[in-house]
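Good morning, everyone. Please turn to the sequence and the model on the screen.

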Amino acid sequence: MEWRLRRAEAGDAPVLSFVAAATFLETFVGIIAGPDMVRHCSTNSSASKFDQWIADPQCVATLAEHRDGAAPVGYTLLTPPDLPIETYERDIELRRIYTLLPARGTGLGHALMARAIDDARALAGKRMLLGVLGINHVARAFYEREGFELAGMRHFRVGDTVFDDAIYARAI
């Protein structure tokens with residue numbers, strides 16, 4: 001699969017919302033109850049939420065699009081940190097990094113991470129933080145290969161279920 005990365009801009013919120021819901025469903029099917037996923041995505045990945053992030057100069061959303069037809073196949077979202085660990089003025093949270101299944105194994109995850117790091121540096125970031133479902137060993141291994149180290153834990157509620165998330169950090 002061939003893809004390209006581009007910074008999201010005004011008007012991209014519906015596309016980001018769509019790919020966010022699709023990747024969340026694909027990643028957590030069988031782990032999170034369906035109705036809880038729908039509510040979670042409707043609230044936390046709505047087009048209006050993405051509109052706010054795109055308009056915020058402290059945030060960066062990047063879309064990964066298939067080379068032919070520009071269908072979304074992944075994305076990242078950088079925001080100011082909102083994590084229950086000590087944070088510093090120049091910390092940036094990689095709030096989202098997801099790819100659709102057909103794009104996995106193509107190098108897209110690494111390319112999205114490299115782009116997120118470059119974007120975080122452009123925002124004067126010095127440390128990148130992220131949260132990941134504690135039992136998601138594939139994602140955790142990816143983050144560790146990308147230079148992240150465990151920095152803490154948090155409880156993360158989706159619907160009626162509370163999950164344990166690992167919080168990772170790395171200097172950028």
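What covers the buried residues of α3? Please keep in mind that this is a predicted model. The covering elements include α1 (13-28), α2 (34-44), β3 (72-79) and β4 (91-99). The helix itself, α3, spans residues 47-55, and its residues F50, W53 and I54 are buried. Because these residues cover an arc of only 100° around the axis, they lie on the same side of α3. On the other side of this helix, Q52 and A55 are exposed.

I turn next to α2. Its buried residues are D36, M37, H40 and C41. Seen down the axis of α2, they fall within an arc of 125°, so they line one face of the helix. An α-helix has 3.6 residues a turn, so residues three or four places apart point the same way. The buried residues of α2 pack against α1, β6 (149-158) and β7. The face turned away from this buried side carries P35, V38, S42 and T43, which are exposed.

Now, the nonpolar cores. The largest of them has 24 residues, and L78, L94, M113, M128 and Y143 have the most contacts inside it. Two or more residues each come from β2 (60-66), β3, β4, α4 (108-122), β5 (127-133), α5 (137-145) and β7 (161-171). The most is given by α4, with six residues. A second, separate core of 23 residues includes I54, C59, Y75 and V158.

Finally, let us consider L78. Leaving aside neighbours within four places in sequence, L78 is in contact with several residues, among them C59, V60, I92, L94, A116 and M128.

How values were computed: Residues are numbered from 1 along each chain as its sequence is written. This is a predicted model: local features need pLDDT of at least 70, side-chain atom pairs count only at pLDDT 80 or more; totals for chains, interfaces and linings use all residues. Side-chain values use heavy atoms; hydrogens and water are left out. Buried means under 20% relative accessible area, exposed over 50%, partly exposed in between (1.4 Å probe, protein chains only). Helices (H or I, at least four residues) and strands (E, at least two) are DSSP runs, numbered from the N terminus. The arc is that of the directions from the helix axis to the C-beta atoms. Contact means heavy atoms within 4.5 Å. A nonpolar core is a set of buried Ala, Val, Leu, Ile, Met, Phe, Trp, Tyr and Cys residues joined through side-chain atoms within 4.5 Å.
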